[in-house]
Every structure is written in structure tokens, then in C-alpha cells.
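Please find below a note on the side-chain contacts of this model. The points take up ring pairs and then charged groups.

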Amino acid sequence: MIKKLLLVFIVSISLYAGKCFSILTQTGLFTPVYPFNFKQNLNYVESQCDLFDERIVWENNLSYVGCYKNFEDANYTLHHLKFNFLTPKIVEHNATLKDQYVIFPNSSTVKPKNLNYILNKYKPENIVNKFPKKIYGNGIDYLKLSKINFLPRVNLYEFYKFYRKNNFSTKVLVLYNGVYSIDYLYKKINNPSILKKIDEKTYVLKRPLYISPTASLVVDNKILLLETNPKPIFIMYHGNLYAKNSKFIAWDIKYNKFSKRRNLKTNQILLAGVQKPRPYFIGLAGSKTYFLNNLFKGLGFYSISATNGVSQIYFPRDFVTNEFNLYTYLNSKGRPLGVYIGNTFTQNMIGYYSTDSNRNILIGNLMYENVIDNISIANNSKNILIARNITANAKLSHGIVFSTGVKNSTIAQNITIGNNNSGIMIYNLSNHNFVFDNLSALNGKMGLSLQESDDSLVLNNKIIGNQVDGVLIRNALKVTLKDNIISYNEKNGIEVLTKNIKLFTVFASPFGYHRATSAQLFENEITNNMLYAITVKNNAALKLKGNKVINKYYSPYGAELNIFTADIQKQNGRFTLYGIGNPFLILKGFSGRMSMKTAKQAKKIFIDASCSNDFVSSMLAKLYYNKYKNPLLSKRVLIRGISLIHPDDMDAFGYYKFIYAKSKNDYIEGLSYIAQSVIFGNINAANEILQLKYFIPVNRKDINNAFKLALDRLKHYKLISTNENSKCSLTNKQKSIIETAWKTFTFNVENSNVKDYFHYCKLISKNYTIFTPDVIAKIKYAIKRKNELKFYNYRKHRHLAKKLLENAPAGCYKAYARIERLNNTLKQYYQTEKPRILKTIDPYIEDYLKMINEYRLNKISKRKIYELMQEN
């Protein structure tokens, strides 16, 4: 068995290496590629200073073309590809990350979308029709925060710690089984210490609120003041939240005014555990959010998980032995849905944040003066539409950002102005995205930055007056820029480069990247940028056609593209520069996934394993569960665990049964396995039983019947119902353990003076807490690890120039001085051109506002845009 298990890991490791057939050819000016990064070149000059603009150097001019599975494919390419081969030969070799390949400037595969068809579905009048009409329900309860094991603990911990420190009540208001309005809820609760009424329109929420999957909350034309001081609250939900024409404001109860955020130093903003909690919204798995024409002000704080203001999060599991428990049962409801139309988000930690989301819609929103980003979409989100929004003056970072695996999404017809960093940032393997018809202007760095992300189509944007580059393309392949206006940017119009990434950045490090870059620039208007119109570095690949290129101060073509200026002009702007690089991804860490081949081997070993081999069972369940997502295999894992008398697997099997339950009897049968887990001493399961009424259609009578069913099963020495198939027979020792368990449980119930099994669960879970010393230690460790990187980076960036120059070659002093002179000159040019920049932007603003205001009940004036521009 151990040999078989080792085979799994050997197969997995072998997938990282492989042989292929490539065409080995000489490259140089004749190709053309920029030749002076080859050490073998006669004109190669060693850099005197690499501190400020790191150069990638290759040993010689021999480069591979392609990496094919067989000789025939390579040979076909050699004879049919239109490329200037020189002394080519086909070779078989081990593909490694150190190899150098010819990089071709291939086009993006993204196709333009019919946005009008999509946008018409989200007009305000259509969203209003989604709101519930009937208000009803009596499902109102209060639950201690320390007993809530169906919410992410990392999100609750900061509140738990703050409440305990200040001796505040830790009870959370829970809504279930109904549709509630604020007025209806106020009458039902009738307790101003929980929900206080100021006037017919204004309420103060003074307790954290959780909305279960069986409940909805409707907020219509209200002002909901969210207590921030002295006791901050939150709103989290697996259910539905509808809000229109309302305001949600962080409120200081003590002084009866808006609760201003404590001023933080820049190096503290991104540190977890140092900020006082503030109110936030989080939509969880299976939730639905419809927000129309609302104000969200002053929400959120920075921590280790989505406490940013208005967020949607989803945590899919990869390596989990017991895939089914109460938390992951709720997670099985799928990704949250969010539709945000015509809202205003201001002074939040992040305007809007989502992770692992799908098909969320943001249209017509005004996002300004949020602390970090205005809109942040992260972590494998897909099919997102960010359209016709205004994102302005993000204090620390970006207007709109896609990070870490965001794909198949669209950023269209937005105004993004005056943000501290980039107007639009797409990075960290965020591939196959469409950037269409945005106005990105006056941002502190780039108008658009594409970093470590492939296959982007950038079409018909206006990128004007940004304070570094108009467009930066770094370590990205298959990028197409077409029909864009890129003007008056302080440095380059477009910069295309490949870069070695050795150190973490302040905000994040790439999860994967390749040392290769390629872009196509077709029919763009690239004019009046302060430095170069187009610049290329470190052998990036570039294809030019039909661009209008006019520069006032410097040559239109910079760095490695400069030596080809005559060729570009001779061919009327049509030119292809091939690149040199390595197109394979350099991955950071281990992704936690494996190949299908390895998963199949794991499955075979698992099925062959004996019932007593506990280690193999749990290990292989972790390995292949996510790859297969097969209910029968999941069921086999859990039944096998139950046969080995694992209470956690009994609990998990109950939630597995809930997923497929169709009748009351199905729910009771599933509940009987959770009850069985309690009988074997699982206090966590006892705590969960008390909370099941929030999620499934069971009552106290059903819970008592489930315990009777479980006890009857155990008295017959059965761990699993007869209709379930278990191949593991029980030993006499196991039968003895079963008998001891049910007898001990029965004795304890009879001698505890409780009414029924439900009350017994209440009794034994009285002192239960999700915040055990072990959990708190893990959360503190996670906070510490997150902060260590930030501390390191802020110190590094603060002293970087001084420390590097102290030990740098003499040439670095000159390079540093030259860069400073250039930057000062460019700033002067930029200030000179500022009136022209504003004049260029002005006619676009009216056009975009007309589109944006179609989705806003509270219209935005041109004057408001100019106010935001002046604040920059």
C-alpha cells in the first residue's frame, strides 16, 4: 500500500517536467529581434547599473521555436511558418524554465461582446421587479458570536476580541424563515437596544445581523445607521438582501454623527489586526444581493478576510477530508450573486470587493475616496461585468482591479480618474478579459496596467493624462490593443516589457508568471505623451499596424524599439518585432491541485484499500475529492470513516444527506447521523443541531426523532442504515465501543434532568466556543504571517534607494541622477500640458455621463466629476 501511495506522488511530480521537439534557430536583427541582450553579440555591453531598470540577458542568440509533442509537428512548422529561420534544426530536449524561445506577438482570442443586450437587462426598472412584495415571518433569534460555526471564523474574530475586551454583549441577531422589512423587523423585535427607531425613515442597527438562507431582508427608502462606536456591528448573509433608495452609514452612537475613520499611516493601512472593527456587509455562498440607488459610507476595515465594506466571498474547498459540515454544507449552495446598480460607495476600506464570484454585475455606481481600491475583484472570479461606473480618487491603490485568476470578465465604459495607483489594473494570472471603451485619466501611475495576465483585448479606450504610462504590459502574452486613444501621459504612451520578479511587492506577489511578453498594437492614436509613444524592454514581442504616432518632446519609439525606427517608418507603421523569453509559467508555491491521471491512480488505491487502513483513507480523500467532485466517491469516503467510528465523519455524512434530501424523512435520516456523532461525544455536532432550524425544515420534534433513530441503529450494532452499502464489517472491539457509547449517552441523558434530546444538546454545548485556544492561535499566526510581509516591504521600500546606492556600482549614482533629472523634466512637461489634458478629457465626460446616468436614479452632474478631478 505504501508503495502505491508513493506512486501517486511520483506521478504528480513527473508532470512538472517533460520532453518536446523544438526548432533551434539563430536570431538577430534579421529576424528581427533586439540582439544586444545576447552576451555572444559583438556589441553587447555589460550594464553599469541594474537597480532601477533590471535587464534580462541571454547567453547567445540560439532560440527555440515552439515545443511540440512529436517531430512531425515541429517539421511542419519549420516548412510552413513565415519566419526568418537561420541554420534551423529540430531538436528534442527537456523543456525547462531557463530555455529561451522566440516569442511571437499573437493576437488575443477574446471576442468583443454585445454589451447593450446585457446592459438592457439591468435597467433600474428591471431591478425593482426583483424585490419581494410580501413581508412575513417570525424567525427571529439571538445567538452568541462564539457559537456561530457556520460563518468564517477569521471574519468574526476581530469582533469577538473587541467585544470581550470591552465587555460588550456578543449576541448576533439572526433572521430565518421569512421576508423582513426594517419596519416589520422593528415591530417584531421591539427592543431599541437592538434596533432603534429615530424617525419614520431612520433606524440605528446596534447588533450584528445574520440573514440565513431561508430569509430575506428588504431595505426600502430608509437610512440605516450602523453602530460603529462604541460597539461596531456587521451584516453577513447566506440569504437574500434587497436594498434600494437607502443609506447605510457608519455611525458614532456616542456623539450622534458619522463615525470618521481613524487616520492611519500609509504603512499601517494594509496591516491586519491593528484597526478597530467597523461595520461591513458580506454576502456568502448562495446569497443574492440586489442593491439599487443606495449610499454606503465609512464601512469596513482591513483584516485577513473580506472585512472591507461591501463584499461577496466564496471559499471552495480543495484539500478537506470531511468535505461536508455545516459550514461547507452552506458553501455547497454555490457562488453568491450580486447586482449593484446606481449606488454610491465612499470612504469605505474598499468600495466593493469580491472573491471567487461568478456573474456579478456592477453598473452605474459612483465609487470615490475609498481607502484602498474602489472596485476589487479577486481569486478566480469569472464572468464579471464592471460597466458604466465612476471610480475616482482611491487613496492608496487602484480604480478597478482584477487580481489572481479573474477571467472571462469585462471592464467597459467606466470613468476611472484620479486614483492613487492605476486606473485599471489586471494582474496575477487574470486571463481572457475584455477592456472596452473606458476613460482612464489623471491616475497616479498607469491608466491601464496588464501584469502577469494573458489574452486581453483592449478596445476603444481613452487613456489620457496619467502620471506614469498610459498602458503598461508586463509578462503578459496575447495582448491586443486596438482603436485606443492614448495621449498626454507623463511617461510613455505604451510600455511593453518582460521583467524578472525576484522580490515581493508591497501589495502582493505574483502567483505565477512567465518571462515573456507580447502585444499587438493596431490602429491606436498614440499622441503627445511626454516620453515615448511606444517603448519595448527586455526582448518583449510587438506587432504594429495602422497606429497614429505623434510625439512632441522625445522620439516616438523608445528603448529596444528605437533602433527599428527607420524600418517602422519605411513600412508605414507596419512592423513585427519578435521577442525572446520563456512562455512557461513560473508558479509560486503549490496550487493544491493535481492531474487527472494522478487522481485516477489515487481513486484506484482508495477503492482497493482495506477498511482498517485509516491513513490511506483520509489522505486519498483529500487528494482526489476536488478533482472528481463525484457524490458516490464522497459518500464512500464518509461511510468508510463511519465504519471506523469517526464521529466527524458521522456529522459530515448528515450534511451530505441534506444536500440530496427531498422529503422530511430524508432530512431526519441525515439528522440522525449528526445525532449519532453527538452520541459518540462530538460537542461541535451538538452545537450545530441547535442551529439547524436556520437552514433546513426541521423542528425540535424532528431532532428528537433523529436521536431515537440513531440510538435504535446503534442498539442493533449498526453504524449505517441498511439502505446504505458499507463494505467494512465491524469487529468485536468496534461493537463493544458502539455499545458503550449508546449506553453512556442514554445514562447521561436520563440523569441530566432535561426534557428531551434537544435540551440535552443545549446542556452539553453550554460552554462550547468556536474560539478555542487552537483556533485563536491559528488566526493569530495567520495575521502575523500576513503582516510580516507588509512590515518587510514597507521597510524595504522606505530605505531601498539609500541602501542600494550605498553598495551600488559607481554607474548607479549617475543612473539615479539621470532618472531623477528625467522625471523632473517630464513632470514639468506634464504640468505645461495640463490645460490641454483637461480640454482633451472634457468632451468625453459628457458622453460617458450620459451612458452612466441611464442606470442611476440619483444622477451625476458634470460638476461632480470636475470636483473629483480637482481633489486629485
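1. The structure contains 51 aromatic pairs; the model is a predicted one. One of the pairs joins Phe-131 and Tyr-242, whose ring centres are 5.4 Å apart with the planes at 55°, so this pair is tilted. Phe-131 belongs to the loop between helix H4 (124-128) and strand S5 (136-144), while Tyr-242 is in strand S13 (residues 240-244), so the pair ties together parts that are 111 residues apart in sequence. Both Phe-131 and Tyr-242 are buried.

2. A further pair is that of Phe-248 and Phe-281: the centres lie 5.3 Å apart and the planes stand at 90°, so the arrangement is edge-to-face. This pair links distant parts of the chain, with Phe-248 in strand S14 (residues 247-252) and Phe-281 in strand S16 (residues 281-283), 33 residues apart. Phe-248 is buried because its relative accessible area, 2%, is under 20%. Phe-281 is likewise buried, with a relative accessible area of 1%.

3. Ring pairs also form a cluster, made up of Phe-159, Phe-162, Tyr-163, Phe-168, Phe-234, Tyr-280 and Phe-301.

4. Charged groups also meet rings. The charged end of Lys-244 sits over the ring of Phe-131, 5.7 Å from its centre. In the case of Lys-134, the charged end sits over the ring of Tyr-136, at 5.5 Å from the ring centre.

5. The number of salt bridges is 22. Among them is the contact of Asp-356 with Arg-335, at 2.8 Å from N to O. Asp-356 is in the loop between strand S22 (350-355) and strand S23 (361-363), and Arg-335 in the loop between helix H8 (326-331) and strand S20 (337-341), so the bridge ties together parts that are 21 residues apart in sequence. Asp-356 counts as buried at 6% relative accessibility, whereas Arg-335 counts as partly exposed at 32%.

6. Arg-474 and Glu-452 also meet in a salt bridge, with an N to O distance of 2.8 Å. Arg-474 lies in strand S37 (residues 471-474) and Glu-452 in the loop between strand S34 (448-451) and strand S35 (456-459), so parts 22 residues apart in sequence are tied together. Both Arg-474 and Glu-452 are buried.

7. Lys-657 and Glu-669 form a salt bridge whose closest N and O atoms are 3.7 Å apart. Lys-657 is in helix H13 (residues 647-659) and Glu-669 in helix H14 (residues 664-679), so the pair ties together parts that are twelve residues apart in sequence. Lys-657 is buried at a relative accessible area of 17%, and Glu-669 counts as buried at 14%.

8. Finally, a network of salt bridges links Lys-123, Arg-388 and Glu-854.

Technical notes: Residues numbered from 1 in each chain as written. Predicted model: local features only at pLDDT ≥ 70, side-chain atom pairs only at ≥ 80, totals over all residues. Heavy atoms only, no water. Phe/Tyr/Trp six-rings, centres within 6.5 Å; stacked < 30°, edge-to-face > 60°. Helix = DSSP H or I, 4+ residues; strand = E, 2+ residues; numbered from the N terminus. Buried < 20%, exposed > 50% of the residue type's maximum accessible area, 1.4 Å probe, protein only. Lys NZ or Arg CZ within 6 Å of the ring centre and 35° of its normal. Salt bridge = Lys/Arg side-chain N within 4 Å of Asp/Glu carboxyl O.
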